[in-house]
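Please open the structure in a viewer and keep the selection tool at hand. The stops below proceed from one selection to the next.

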Amino acid sequence: AGKCGPAQRRRTVPSILRELAEKQQLSEEIVSLLQAQFSDLPRELHSWRQMEDYSPEMRQFACLLHLYHIKTYDYLRKILPLPHPYSLTNWLCNNKAAAGFSGDVFLRLQEKVERGDQAYRYCAVLVQDVSLQKQQEWDPHTKQLTGFVDLGAGILDADEAPLASEAIILMAVGISSPWTAPLGYFLVNGTSGPFLAQLLRQAISKLNNTGIVVLAVTSGASARGAETARALGIRIDPGRIQCTFQHPPGSAHSIAYFFDVRHALLLIRNALQCFHKVEWLGDTMWWQHVVELAALREQRVLELCSSESGRAGSKESYHLKVNLATRLFSEDVAEALEHLQKLGLASFQNCSGTVKFVRLMSSLCDVFYGRGPYGREPLLARNYTKISNLFNEAKSCFVNLTDSVGRYIIKSKRKLGFLSFLLNAESFKWLSSNYTCPEGTPSHHLHTRAFSLDPLEQFLRALQQACGSSGSPTSTVFQAAYHKLLASCSLAPSSPHSSGNASPWDVSLSQRRALTLGSIRAQYHPAPGRTLAPEYPYSAGLLLPSSALSNALTDLSLYTQSLTCTAGWVAEQLALDLQCEACLASLFEVDESRLSCRSVLYIKKLGGVSLPSASVHHITSISEQVLNQYGKVGGANKNTKLWPLELEVFQELLGQSPLFPTLTNHLFEGELNINNHYAVLVKEITRCYLKIRTNPTRHLNLKYPCRRHKLKRLKGKLSPLDSCQSS
């Protein structure tokens, strides 16, 4: 820095910070925090001349200033010998799952790269925040106060320091191989786009130092995400989109930026709800068509039986039922709207524009999730032309979308969802044009899952379970849970077809519930609490026999019908929470010859209850056999532990004919065999049935729990099993 004059020698670090605050180059909040936390730092400039002698407090000061205000840091570097920003990564690194970058994870990644494992050569970086409960606590092990902001260089525990309100989590995800690595977390009290941008650059630099090349960054499609993108140099103007940024700044290496697709879909759903109607190039999308589909009540449909059924000339009754687990922007919804239009339902006439828009969004989702006609390899050269044409069609639609008075939506306050898709499309094309997997990789294509927040959100769900609470954890609880997860974290690639530890009952899976027809019905037609009519055969009192004597005295046809109706009620209950449309459709006996999509089902009914599929009926029959063997039915055994009975049911099912034949490989999505769709379906059906049979009054809300005379009255009213009654 050279020799200082008399005036310059009188300058101190606090005086420089005050000067910057007066010039509005540094916020008063940051200045107050720095002065409160670092009151013991050397005031004179000459005390900062030897970086190797920097105390922990001096290092903490440098890291905090760099992350919160890079321009001020660069200015002070001209006065003080502060290190280059990318040298700060070592000071932001910790072991034992403390705040900051996880040193052990980076070391393990470096070892894999040094062994020549090409699967770890390229990655994407994901960033997401988690809300924390503000709470100051005393840690008896470290003998320190906790709950404060911690960026990895030490806790900011001054009396005037703020408590942490959220944790920022970073994760690396393999692009050519589906591995994940939690890179670390940072406890903050509010944050900004520039702060996250500096944090991402630090993570990218640290990954580059291990030999891993970062090709993409993904954040949420939110105000903070957009601010972060702009701070990195991304332009989201539809007229001139800049989808990449350079790292280091000014270098030749570019990195693509993505917004999470499900976040963007939620924003587009919100926009359609607010505008009610949108138009583009002669087409009109009416949101009311989607609302009417979601709210469609079961409708009875009568048709003549075919000659193949042996009942030619007679009428067969079905009930048209909407599959509420169907994804909102899917081909199934488009086909359902077309089908209902052909049936002549007045609410669905003139819905061709709605069908076209939904089908366009469905095709975009297929690309970004690697499914549908593009398969799991959408970035292959043979798909490029087709995908490029799709992106051009989407851009033409989005930039010309107008509301009911002709205002362009792309310029409105509801534009971010549409802009997110346009940016993602440009990033996707850039990667297709500039990136080719090396020959040594296990798979020669990009896993598009790496460009969404799904892997990180799966980690966050596991983190929430480890916290043991559905609410926001304190920073102490969060850190303990993170330490527990990190200890069991494997960097090995999972199955490319895996959906992690998520089950089809996981309602938090990447906002899946918020993007289904069920969510639309709940918004416009909230369902009241469900109570069962006492005239249903399974809710009349005796239900199913619980002893050998009652078996002998019971009408077998009534027994069979009661078992069928109970199984149907189980199917209906599970359908209320199931978030997988294929699994939901497999719960019922449906006529698949009428419609290829699963968004509208044709089902049969018995006694007002939907008939279950043969697989559901078989599982409940085995469950009933197990109950009879153990003699544990009725209210007297309501406190019975169910897991031994569940285990016995699973044992009985082993070696028998495969269940759910309408589903194929879809059933086995999941990282572990014990947690795939097949296992979860069997487990939930068994558990729900056993709960009903061991405590019917509680689970069925019965009006007549134990009255034989009701059965006698109903017996003559029941139709045979192969007939169908109107609900």
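A charge counts as sitting over a ring if NZ of Lys or CZ of Arg is within 6 Å of the ring centre and within 35 degrees of the ring normal. The model under view is a predicted one.

**Charges over rings**

Select arginine 121 together with tyrosine 122: the charged end of the arginine sits over the tyrosine ring, 5.7 Å from its centre. Then select lysine 206 and phenylalanine 106, where the lysine lies over the face of the ring at 5.2 Å from the ring centre.

**The open sheet**

Next, colour the strands of the sheet. Here 8 strands form an open sheet with mixed pairing, in the order β1-β2-β7-β6-β3-β8-β12-β11. Its edge strands are β1 (93–94) and β11 (244–246), each of which pairs on one side only.

Now select strand β8 (residues 213–219). Is this strand largely enclosed or left open? Of its 7 residues, 7 are buried, so β8 is largely enclosed by the rest of the structure. On one side, 5 bridges join β8 to strand β3 (residues 122–131), and the two run parallel; valine 125 stands opposite valine 217 of β8. A further 4 bridges join β8 to β12, again in parallel, and there threonine 218 stands opposite phenylalanine 258 in β12.

Glutamine 246 has serine 254 of β12 as its bridge partner.

**Aromatic pairs**

Rings of Phe, Tyr and Trp pair if their centres lie within 6.5 Å, and planes under 30 degrees apart count as stacked. By this rule there are 17 aromatic pairs. Select phenylalanine 258 and phenylalanine 451: the ring centres are 4.6 Å apart and the planes lie at 10°, so the pair is stacked. Phenylalanine 258 belongs to strand β12 (residues 254–259) and phenylalanine 451 to the loop between α14 (416–434) and α15 (454–467), so the pair ties together parts 193 residues apart in sequence. Both phenylalanine 258 and phenylalanine 451 are buried. For an aromatic cluster, select Tyr185, Phe459, Phe478 and Tyr482.

**A hairpin and a helix**

Turn to strands β13 (residues 277–280) and β14, which run antiparallel and are joined by 4 bridges. Lysine 277 has tryptophan 286 of β14 as its bridge partner. The hairpin has 2 residues between the strands, and leucine 281 takes a positive phi near 45°. In a regular strand the side chains alternate between the two faces of the sheet. Strand β14 (residues 283–286) has a covered face, Asp283 and Met285, and an uncovered one, Thr284 and Trp286.

Then select helix α10 (residues 287–295), which is mostly covered, with 7 of its 9 residues buried. Among them are Trp287, His289 and Leu293.

**The nonpolar cores**

Which residues touch the most other members of the largest nonpolar core? In this core of 174 residues, they are Leu109, Leu207, Leu293, Phe357, Phe398 and Phe421. Helix α12 (residues 352–369) gives the most to the core, with 10 residues. Apart from this core lies another, of 38 residues, including Ala571, Cys583, Val609 and Leu659.

Finally, centre the view on phenylalanine 398. Leaving aside neighbours within four places in sequence, phenylalanine 398 is in contact with Phe357, Met361, Leu364, Ile410, Phe418, Phe421 and Leu422.

How values were computed
Residues numbered from 1 in each chain as written. Predicted model: local features only at pLDDT ≥ 70, side-chain atom pairs only at ≥ 80, totals over all residues. Heavy atoms only, no water. Phe/Tyr/Trp six-rings, centres within 6.5 Å; stacked < 30°, edge-to-face > 60°. Buried < 20%, exposed > 50% of the residue type's maximum accessible area, 1.4 Å probe, protein only. Pairing = 2+ DSSP bridges. Core = buried A, V, L, I, M, F, W, Y, C linked by side-chain atoms within 4.5 Å. Contact = heavy atoms within 4.5 Å.
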